Every structure is written in C-alpha cells, then in structure tokens.
Amino acid sequence: MTEICDEIPDFLSKVRASMDILSSQIVKDRISELPDEILVDCLSLLDMKSAAQTSILSKRWRYLWTHLSTLDFDPELMYPQEFKTFWKNEEYETSKYFGWINQVVSVHRGTSIDKFRVHSRYVTSYAARFDKWVKFALSKRVKELVLNLIGIGRSEKGYPLGFETLRYPPCYTGITAIQSLHLRYVNVSDEFLQFLMSHCHHLERLYLQAIPLSNLKVQSSKLKYLSIIMRSSSELEEVEIDAENLLYFLYDDARREGGPRMVFRSVPKLVETDFRGGLCQFPFPIFEKLSLFSGQLCKLSLDIDPDCKTYETDLAIPEGVIASFPNLKHFTCTTACFDFSCILALKRFLEACPSLEEFKMQITYTQKDGFCEASVLREIDLEENSQPEINFSGDHDMEIGHVPDTVIGNMNEEKSSHRNLKILEVVGFLGVECDTRFILAIVSYAYSLKTIICDPEGIRYSHTPFDFFSDAENEYDAAKRRARKLAKIVAPKVTVVEI
C-alpha cells in the first residue's frame, strides 16, 4: 500500500505533463504564424463583409483585412437577406451601404489596389461620396476600376466623371496604372474618354454601358477587349476604332432601327465580334461592316432583335450581302422563332463559312403581331422507323415527308456542301416544327456533323411569357421527349445530347 502511495505523485506529474503538451497543441494557432502576405491573400478569397469580420479573431488579425488589394462592394454579397428589397428602402439601405464603403476606404492601409468595384444605385445627392471613392482608387494606382452603377430614371445621365477629378495630383498619375476600365451609367464626355484612353498606357479592357456619348473615338495600342452597350435613347452617331491589338469587340445598341456610323481604321488582330440591336436588323448593315475584316474572324455572334418590325425578313438575308468568312469556327445566332424560308438564308451564311465547326442557335419565341403562328409551334410526327427528308433547296415551300430506309444515314460526302461543321447547339429547343425543320436541314447539309445539343431549359419568351404553353414545366418535359425521339431518327450518324 505504501509503495502505491509513493508512486501517485510521479503518476500525477506525468499526467500534468501530458495535459500541458496536449493543451499547447490545441491552443497553438499555426495559421496566425503565417506571413501577412499569405494571410491577406487568403482573405482576398472572401467577400468584403466576411473579410472584415475576421478582425475580431485576435489582435493579429485586427488590421489584416485593411491591406486587401481587391475591394469589391456589392449589396447582394453584403446584404444577402435584404437584397430583394434593398433598392426599395432607398434612404436607409443606401445610406448604410454608402457608409460601409466610406468606412472601408478610410481605414485601408494597402499601398496599391488591384481591383476597385462599386455596384450601386447612383444618387445625385451622394455625388461627393462617389468622387471620394474614385479619387481613392486612382490614388492607390488601381489596375481594374469598375463603376457598375444603376440609374433611377431616363432623365438622369449618371455619375459625372471628368477633368475635375484629375485635379487631385495622385489621381492624374494614378490613371496610368489602369488596365481594365468598366463604366456603367457614368456621365463622361467624348473628350474626357479620349483623354483617358490616351493616358491609360496599359489599358487592355474597356467596357462602356449607358454612357451619353455622341462621337466615340477609340485609339489605343494596348486595348484588347472593347464592349459598348448603348441605351435606346442613345444619341451616338459615330464609332471610330483604331486599335492594332484589339482581339474582341461587342456592340449592343438598344435602338430598334439603324445605328451609328462605324469606322474601323485598324483592327488587324480582331478575331471575335458580338453585334446586337439595330445593326443586325433588315437590311443588315452589319454585314457591310464585317466585310472589312471577315477574313480574320474566328468567332462571331449576331443577335437579331425579335422586336424588329419586319419579322418575315428577320433571317431572310439577301444574296450577295454576306461576305466570306474563311476562318470562322464558332457562330452564334440569336433570333425570334423563325419562318421556314429563313433556313435558306442560313444556308447562304454556312456556305460563306467553310471552316465553321460549332453553330449555336438561340431561339426566342414571340407572339407579337401574330408572327409565331400555331403552325410553326406544332409538333412533327416523327416515326422512329423512318427518316424525314428535308434538304436545302431553292423552294421556299419545303415539305417534310416520310420516306423509307435511311435517307439521312446514307448521306455521302459528295452530296453534302459543308464538311467541317461538327457541333450544332439549339438553345430554346422545343422539338416543334420550326426548330425540328432547322435541325434536320443542318443534318442533311453538314456531312461531318457529330453532335446536336438540345437545350430546352434555355427557352426565352418575349412580350407574352408562357402564353404558348399552359404549363411550362410540362413543355420542358415534352421537349426532352422530342429530343430523344429525334436522337433515334438521326442515329447513328449524329448523337443528340440533352441539357
């Protein structure tokens, strides 16, 4: 008994030692031992609100978030629960949100900023705060400046950004560091925008939306990506582009007819374009513009506005209008539910694109002016043991008839006109007469076609949502059923993929 009692102190001391070791391992914070640079990089993966909340962890973390190089202010991320009603409670929510931005700007300790983004409604009474934020970003030599603002009314021209801002010396020198500039609902003059481009020596990306311009001259040796989106009330008359390194150009004009005079001085590296709005409407002035550099394009997107008054000519592109696109590999066309004669117009376009490999058709369905008639939306009775025959021809009144054996399966290379098209994607697929005729025409025309992607989830409605179908969910299911039936018709030559 005495021996046992003598061993107890030794046993207790060993237990204490073990507990001390275990306790030190549990309490020790190895993450906080990392260098500041690594911890700040980790914080940059969080949204602004979450990054700021790490300041309560310990003294070590208190000011780390103030060194963030990416400042992204978005009410949807900062107020996820209240975001749906955020813009409704204008006075309270706006003042709270603006106060948060002011607080972050005031305590920021970093020497430079990679990205400064503000997504907000523009309120005229808070113009001084917007000035403060822009001056702050420029003084930190920001690389990516995003002012993604929302206007309240058509009369508002947006946040005024001009030469007055650059009177603060750090801002004047700071603009030279900008590599990406995104302006939405910002009121800048033609002269100031041209000044920015001439002094932003590293500018590679320029995005302009809802900017009240009249004559836009883009002249830059570094610019690679240019996007211009104008409102329906736009008074833009001319766009002149001289950018020797430009790779991508998007132009979207909400005006229903016409568009600005567009001059391309020098765009030798332009390989991808996306045009929407008035330039893409009958008589399609866009093709005259594209002919200037059609030989170098690899990717093209055209959005033919379904609000066009002349629906019957939406895709009825006249002969001789389309230039040659010898290197085009990807083509996306968005249009209203089209008439059968439009298939012939698409044939003319495919003939002008001998290297085309991927063709994406996005269909919008509209009932305006009775354009999308019931005959276009009826389902074709495809029999699984027969092949519907439909080919490109000069006859606009094409008929689908059932013929025995495998008309499509027996297609040979000599009978085909297009030998490189491999993927056809139809977004807004319903499996009704208009899109089925279109798909079968492509199958019979493109010898190398391997895959058809049918995407019923991409159905877009205009003017009268869900007027065609009493139950949209059931229509999605029906579209998938029709896609499976179509798959049996075109097999084994072509594989149909449902999305």
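Biologist: Where does P492 lie?

Modeller: In this predicted model, P492 lies in the loop between α13 (472–490) and β22 (495–498).

Biologist: What makes the bond between A491 and P492 a cis peptide bond?

Modeller: The omega of the bond joining A491 and P492 is about 0°, and the bond is cis. Most peptide bonds are trans.

Biologist: How do you know that α6 has a span close to the expected one?

Modeller: Helix α6 covers residues 127–139, which is 13 residues. The expected span is 1.5 Å times one less than the number of residues. For α6 that expectation is 18 Å, and the helix reaches 18 Å from its first C-alpha to its last.

Biologist: Which residues of α6 are buried?

Modeller: They are A127, F130, W133, V134, F136, A137 and L138. Each of these is called buried because its relative accessible area is under 20%.

Biologist: Why is R141 called partly exposed?

Modeller: Its relative accessible area is 42%.

Biologist: Which phi does Y185 have, and where is Y185 found?

Modeller: Y185 is not a glycine, yet its phi is positive, at about 60°. Y185 is found in the loop between β5 (180–184) and β6 (186–187).

Biologist: Is Y185 buried or exposed, and why?

Modeller: The relative accessibility of Y185 is 3%. Buried means under 20%, and therefore Y185 counts as buried.

Biologist: Which residues form the positive surface patch?

Modeller: The patch is formed by R205, K222, K224 and K269. Lys and Arg count as positive. One of the members, R205, lies in strand β7 (residues 205–209).

Biologist: What makes up the nonpolar patch on the surface?

Modeller: I31, L34 and I38 form this patch, with about 240 Å² of accessible area together. I38 lies in helix α2 (residues 36–43).

Biologist: Why is I38 called partly exposed?

Modeller: I38 has a relative accessible area of 38%. This value lies between 20% and 50%, so I38 is partly exposed.

Conventions. Residues are numbered from 1 along each chain as its sequence is written. This is a predicted model: local features need pLDDT of at least 70, side-chain atom pairs count only at pLDDT 80 or more; totals for chains, interfaces and linings use all residues. Side-chain values use heavy atoms; hydrogens and water are left out. Helices (H or I, at least four residues) and strands (E, at least two) are DSSP runs, numbered from the N terminus. Buried means under 20% relative accessible area, exposed over 50%, partly exposed in between (1.4 Å probe, protein chains only). Patches are made of residues with over 30% relative accessible area and no salt bridge: like charges are joined within 9 Å, nonpolar side chains (Val, Leu, Ile, Met, Phe, Trp, Tyr) within 5 Å. Accessible areas come from the Shrake-Rupley method with a 1.4 Å probe; for residues, only the protein chains shown count as cover. A salt bridge is a side-chain nitrogen of Lys or Arg within 4 Å of a carboxyl oxygen of Asp or Glu. The place of a charge is taken as NZ of Lys, CZ of Arg, CG of Asp or CD of Glu.
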